[in-house]
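Please look at the sequence and the model below before reading on, and keep both at hand while you follow the text.

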Amino acid sequence: MNPDKKRLRRTMMFLNAQKPALIKDPYIYRPDSLMLDLEDAVAENQKDAARFSLYHALKNIDYRGCERVVRINGLETPFWQEDIRCAVAGGCDAIRLPKTESAADVKRVESAVEEAEKEFSIPEGKVLIMAAIESARGVMRAMEICEASERLFGIALSGGDYTKDLHTHITGTGIELMGARQNMVIAARATGVQCFDTVYTDLDNMEGFRQDVETIHLMGFDGKSIVNPRQINIVHEIFTPSEKEIIFSEKVVREIDRKRAEGIGVFTVDGKMIDIAFYDGAKRTLELAKASGVYKEDL
C-alpha cells in the first residue's frame, strides 16, 4: 500500500492551475495539501493553457512537502483523460475526480492513471485517487465508491452542487449538509479511507467558519477543503490535538498497558472510567499529534 494514503490532510487548498502567480509558492502558507484545479476554475477554452501551466509547475516547483492533488474535469467532458496524462507526467501525488456517482467512475480513472504511469515511467501505484461526491446519488453510493480502488485515499463533499441536487442551498448553518456529511463519514470509517468536508466561501465570516470546522471535527472528518490561506490556521488548530488531550491520551495508553498486564479491565484516569475500548482512540490522538508536529514521544 502507498504509505501516503494515510498522510496528514487537515487542509486542502484550492488553486487555479492556470494561474502561475497562484501556484508558484502556495507552500509558504503550509497547507497539508494543494488542490490544483483544472475543472471549475478554468474556462473551457483555456483547458490546454491550464494543463501547460500545471505540468511545468509540477516539474519545476519544490512544494516543500505539500501534497499535490490535481482536480481533473468530469468524466462527462472530453478533457479528463488528457488531464490525467498531464498530471501524472508532471509528477502529481493524486487525482481528484469530481462528480463521482459510482464505483465504475473511480475504476475508469484508476485505469487511466495506470496507463499514464506506464506511459511516463512512473512507479506503479504512486498516484492516488480521491473522489468528490456532489450529488444525492453519490452520497447514497458512498460506501461502494470508498471500496472501488486500492488507490483511493478519501472522499470529499462538494456542497454547492450537492445542495442544488437536493433542491436547497448553502445556508451557513450546516443543516442542509448534515445528512450527506454523516453518511460520508460513516462510509469512510467503515472502509478505512479519509473524509473531507466542503469549502466555506464566506471569507468575511471567520467566526462562522470556525464553528463550521468545529462541527465537522466533532462529526469525525479528517479535514476540510479551503479556498483562502486565512482559513488554514483555524483548521489546523481545531484538528491538532491540544496539550490537554495529549496528556490524557498518554495516561490512558500507559494505564491500559499497565492494567492489562495486571489482569485489570476497568479503572479510572483523572476521575473518568476507562477500559480497553479507549485504547485505540488514545493511540490515534497521539499519532495525529505526532503527524501534526506537536508530540515527539514514542507512545
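Leaving aside its neighbours within four places in sequence, which residues is L34 in contact with? In this predicted model, the residues in contact with L34 are M13, L15, P26, Y63, C66, E67, R68 and V69. L34 lies in strand 2, which covers residues 33–37, and L34 is buried, because its relative accessible area is 0%, where a value under 20% counts as buried. The residues L34 and F14 are 20 residues apart in sequence, and their C-alpha atoms are 6.3 Å apart in space.

Beyond its neighbours within four places in sequence, Q194 is in contact with K5, K6, R7, R9, F153, G154, I155, A188, R189 and D222.

| Residue | Relative accessible area |
|---|---|
| L34 | 0% |

**The nonpolar cores**

The largest nonpolar core has 66 residues, and those with the most contacts inside it are L54, V70, I84, I95, V109 and I155. Helix 4, residues 103–119, supplies the largest share of this core, namely six residues. If residues up to four places away in sequence are not counted, L54 touches A17, L36, L38, V70, C86 and A87. There is also a second, separate core of 13 residues, which includes F267, L286, Y295 and L299.

**Helix 3 and what covers it**

Is helix 3, residues 80–90, mostly covered or mostly uncovered? Helix 3 is mostly covered, with eight of its eleven residues buried, and these are W80, D83, I84, C86, A87, V88, A89 and G90. The elements that cover the buried residues of helix 3 include helix 2 (47–60), strand 3 (67–71), strand 4 (94–97) and helix 4. After helix 3 comes G91, whose phi is positive, near 105°.

**A pair of packed helices**

Two packed helices are described by the angle between their axes and the distance between the axes. Helix 9 (residues 206–219) and helix 10 (residues 232–239) pack at an angle of about 30°, and their axes are 10 Å apart. The crossing of these two helices, helix 9 and helix 10, is right-handed. On the side of helix 9, the residues that take part are M206, F209, R210, V213, E214, I216 and H217, and they meet I234, V235, E237, I238 and F239 in helix 10. The residues of this contact divide into eight nonpolar, one polar and three charged.

Note on methods
Residues numbered from 1 in each chain as written. Predicted model: local features only at pLDDT ≥ 70, side-chain atom pairs only at ≥ 80, totals over all residues. Heavy atoms only, no water. Core = buried A, V, L, I, M, F, W, Y, C linked by side-chain atoms within 4.5 Å. Buried < 20%, exposed > 50% of the residue type's maximum accessible area, 1.4 Å probe, protein only. Helix = DSSP H or I, 4+ residues; strand = E, 2+ residues; numbered from the N terminus. Contact = heavy atoms within 4.5 Å. Axes fitted to C-alpha atoms, helices over the stretch in contact; angles between N-to-C directions. Left-handed = near helix turned anticlockwise from the far one by under 90°. Nonpolar A, V, L, I, M, F, W, Y, C, P; charged D, E, K, R; others polar.
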